[in-house]
Each structure stands twice: as C-alpha cells, then as structure tokens.
Amino acid sequence: ELVENAGDAIASISWDGILLDVNHRAELLLGWSREEMINHHVSKVATPVSVALAEERTRRFLAGEQLPPVFEAELICKDGRLVPVEARTWVFRDERGRLAGFHGIYRDLTARRETEAALRESEAALRRERELFISGPVMTFKWKMGKGWPIAYVSPNVTQLGYRPEDLLSGVF
C-alpha cells in the first residue's frame with residue numbers, strides 16, 4: 001500500500017530492461033496504464049539517451065563498479081511529453097539470491113526545473129538592470145536625512161560627469 005500510494009513513480013525492472021511492475025503514481029505521471037507498461041522494454045517510457053544511460057549503468061554495476069544511486073533521466077508520457085526525473089535505484093534478488101534487476105524511484109523534476117528557469121530569468125533581468133545603473137546613462141543617488149543631506153549612495157557611473165563616487169560619498173563636494 002505504501003508503494004502503491006507513494007508520491008513518486010516506482011518501478012521494478014529486469015536486467016534486460018523489461019518493466020516488471022509499476023505503481024499507480026507511474027501511471028498518473030506518464031499516462032500509460034500498468035498493462036501498457038508491464039512486460040514492455042523501458043524504451044517505451046524512457047528516451048533513447050536515458051535507456052543508453054541505464055544500460056551503461058547496468059553494465060558498469062555488473063562489472064563490479066560502485067555507482068551513485070541517484071541520476072537524472074527523461075521519461076516519455078503517453079502523449080509524447082518528456083518528463084525530467086531524478087532516479088534512485090537499487091538492485092533486487094530473486095528467490096535464490098541471484099541478482100534479478102533493480103527497483104527505481106522516479107521523482108518528477110518538472111516543477112523544480114521550471115522554478116530554476118524562472119530564477120535564472122530573474123537573475124538575468126537583475127543583471128541587466130544592475131548594468132543599466134552601473135554603466136548606463138542613468139545615475140542613482142541616495143541621500144541621508146540629516147544636516148547637509150549627505151550622500152549615502154551614488155552609482156559608479158557618476159564618473160561620466162567627472163566625479164569619483166568615493167569623493168561624493170566622503171562629502172568632499
């Protein structure tokens with residue numbers, strides 16, 4: 001019940017890439033029914049690059065290499081949309097103790113990626129705005145409330161008028 005109602009997609013996959021089981025969240029995330037996924041190769045629900053990555057990781061693991069359990073991949077929804085996921089995998093064994101495949105938890109990164117893109121866009125806008133105030137035609141001054149209204153801040157581009165910011169800030173003028 002815990003696996004079935006998890007917030008992340010969960011799947012069991014054989015060494016040869018056959019989906020053995022998926023939870024309800026996998027169905028919701030990808031739009032495929034369980035029947036459409038189980039007993040099919042992962043290439044049905046993962047991009048070619050992600051399939052190649054999984055195959056390479058499997059090869060390296062079977063060769064004895066220790067791999068980080070977390071990596072990123074892209075899954076394919078039934079409607080063709082791609083979903084970036086953080087994958088966390090670990091091996092499982094059959095009833096005789098032999099390595100049989102791996103289980104994976106797949107967390108949708110869509111919201112995180114959108115947030116990161118919005119943050120990058122915001123930072124770029126701030127850089128452009130800062131550049132405008134530092135080297136553009138607009139000069140910014142901030143005065144302190146007090147006797148003589150001393151300057152608290154002056155933008156560096158005041159040099160265009162022949163002044164040095166430090167002179168204005170020190171009250172020399």
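The exercises below, each with a worked solution, concern a predicted model.

**Exercise 1. The aromatic cluster**

Find how many aromatic pairs the model has, and describe the pairs that Trp15 forms with Phe61 and Phe102.

*Solution.* 

Step 1. A pair of aromatic rings is described by the distance of the centres and the angle of the planes. The count comes to three aromatic pairs.

Step 2. Take Trp15 and Phe61. Their ring centres are 5.9 Å apart and the planes are at 20 degrees. Stacked means planes under 30 degrees apart, and the pair of Trp15 and Phe61 is stacked.

Step 3. Check accessibility. Trp15 is partly exposed, at a relative accessible area of 24%. Phe61 is also partly exposed, at 29%.

Step 4. Take Trp15 and Phe102. Here the centres are 6.3 Å apart and the planes make an angle of 50 degrees, which gives a tilted pair. Phe102 lies in strand β5 (residues 99-108) and Trp15 in the loop between β1 and β2, so the pair ties together parts that are 87 residues apart in sequence. Phe102 is buried, with a relative accessible area of 12%.

Step 5. Trp15, Phe61 and Phe102 are linked by ring pairs into a cluster.

**Exercise 2. The largest pocket**

State the volume of the largest pocket, the residues closest to its centre and the elements that give two or more residues to its lining.

*Solution.* 

Step 1. The space in the largest pocket is about 370 Å³.

Step 2. This pocket is lined by 28 residues, and those closest to its centre are Ile13, Val42, Ala54, Phe102 and Tyr106.

Step 3. Two or more lining residues come from each of β1, β2, α1 (24-30), α3, β3 (70-76) and β5.

**Exercise 3. A charged residue without a salt bridge**

Determine whether Arg57 is buried or exposed, and which side chain of opposite charge is nearest to Arg57.

*Solution.* 

Step 1. Arg57 is found in helix α3.

Step 2. Arg57 is buried.

Step 3. The nearest side chain of opposite charge is that of Glu65, 8.2 Å away. A salt bridge needs nitrogen and oxygen within 4 Å, and Arg57 has no salt bridge.

Step 4. List what surrounds Arg57. With residues up to four places away in sequence left out, Arg57 touches Leu67, Pro68, Pro69, Phe71 and Thr89.

**Exercise 4. Salt bridges**

Give the number of salt bridges, then compare where the partners lie in the pairs Lys78 and Glu36, Arg59 and Glu56, and Glu72 and Arg113.

*Solution.* 

Step 1. The count comes to eleven salt bridges.

Step 2. Lys78 and Glu36 meet through their side chains at 2.7 Å, N to O. This pair links distant parts of the chain, with Lys78 in the loop between β3 and β4 (82-93) and Glu36 in helix α2 (residues 34-37), 42 residues apart. Lys78 is partly exposed at 45% relative accessibility, and Glu36 is partly exposed at 23%.

Step 3. In the bridge of Arg59 with Glu56, the closest N and O atoms are 2.6 Å apart. Both residues are in helix α3, three residues apart, or about one turn of the helix. Arg59 counts as partly exposed at 49%, as does Glu56 at 32%.

Step 4. Glu72 and Arg113 form a salt bridge with closest N and O atoms 2.3 Å apart. Glu72 lies in strand β3 and Arg113 in helix α4, so the bridge ties together parts that are 41 residues apart in sequence. Glu72 is partly exposed at 44%; Arg113 is partly exposed at 34%.

**Exercise 5. The surroundings of Leu109**

Locate Leu109 and name the residues in contact with it, leaving aside neighbours within four places in sequence.

*Solution.* 

Step 1. Leu109 lies in the loop between β5 and α4 (110-135).

Step 2. Its relative accessible area is 2%, so Leu109 is buried.

Step 3. The contacts of Leu109 are Glu72, Pro84, Val85 and Glu86, with neighbours within four places in sequence left aside. One of these, Glu72, is also the salt-bridge partner of Arg113.

Step 4. Leu109 and Pro84 are 25 residues apart in sequence, and their C-alpha atoms are 5.3 Å apart in space.

Terms used: Residues numbered from 1 in each chain as written. Predicted model: local features only at pLDDT ≥ 70, side-chain atom pairs only at ≥ 80, totals over all residues. Heavy atoms only, no water. Phe/Tyr/Trp six-rings, centres within 6.5 Å; stacked < 30°, edge-to-face > 60°. Buried < 20%, exposed > 50% of the residue type's maximum accessible area, 1.4 Å probe, protein only. Helix = DSSP H or I, 4+ residues; strand = E, 2+ residues; numbered from the N terminus. Lys, Arg positive; Asp, Glu negative; His and termini not counted. Contact = heavy atoms within 4.5 Å. 1 Å grid on protein atoms, 1.4 Å probe; cavity = no way out; pocket = protein on both sides within 12 Å on 5 of 7 lines; lining within 4 Å. Points joined across faces, edges and corners; volume = space filled by probe spheres on them.
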